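Hi,

Here is the structure for your files. My notes follow below it.

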Amino acid sequence: MTTDTELKTKFWEALADSPFLFLQLDRAPHNAVPMTAQLDDDADSAIWFFTTRDHCLAQLGAATATFSGQDHDMFARIGGNISEETSKDRLDKQWSKVVEAWFPGGKDDPNLIMLRMDLGKAEIWNSDLGLIDSIKMLLGQDVREEANKENAEVAL
């Protein structure tokens, strides 16, 4: 059994390895879009995104992010709130050549907006059940109880 703390740690590691998720405003779930999370090792209750002022996410508000790990061994649904990040220091810290490739107008482009998602409740699923449970599953044995022990609702 994985503890809630271990699941949270595994989640952050998986997100760092593959920082892509679907993001939507709760009032407009049909507008869910893939986004690249900008992470900060010192900030485990927020993630950042770059987009444009005319993008639907720039309307800000309650949001949900959904995540599938690179090897499909970690999944998460994260609730939170999106606001505009106005800190120039934060923008400078998160800016990179990869971000610049998407926003060739640079950091001073008036249409650029940096979003901050303050994270709330999350549900995390670890689908890496380990060798023994994987063998049991391949043999058709019931692994639901073990799988349920790899799921947690946590505050991020």
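Threonine 64 sits in strand E4, residues 61–68 (strands, E, are DSSP runs of at least two residues, helices, H or I, of at least four, numbered from the N terminus). This is a predicted model: local features need pLDDT of at least 70, side-chain atom pairs count only at pLDDT 80 or more, and totals for chains, interfaces and linings use all residues. Residues are numbered from 1 along each chain as its sequence is written, and side-chain values use heavy atoms, with hydrogens and water left out.

Threonine 64 counts as buried because its relative accessible area is 18% (buried is under 20%, exposed over 50%, partly exposed in between; 1.4 Å probe, protein chains only). Its side chain makes a polar contact of 2.7 Å with the side chain of aspartate 26 (N or O atoms within 3.5 Å, one able to donate a hydrogen and the other to accept it; residues adjacent in sequence count only if both atoms are side-chain atoms). Beyond four places in sequence, threonine 64 is in contact with residues including Phe22, Arg77 and Met117 (contact: heavy atoms within 4.5 Å).

Now the whole chain. The secondary structure comes to 5 helices and 7 strands. Their order from the N terminus is α-β-β-β-β-β-α-α-β-α-α-β. Of the 156 residues, 40% are buried. Among contacts with a separation of 6 or more, 72% join residues 24 or more positions apart.

Regards
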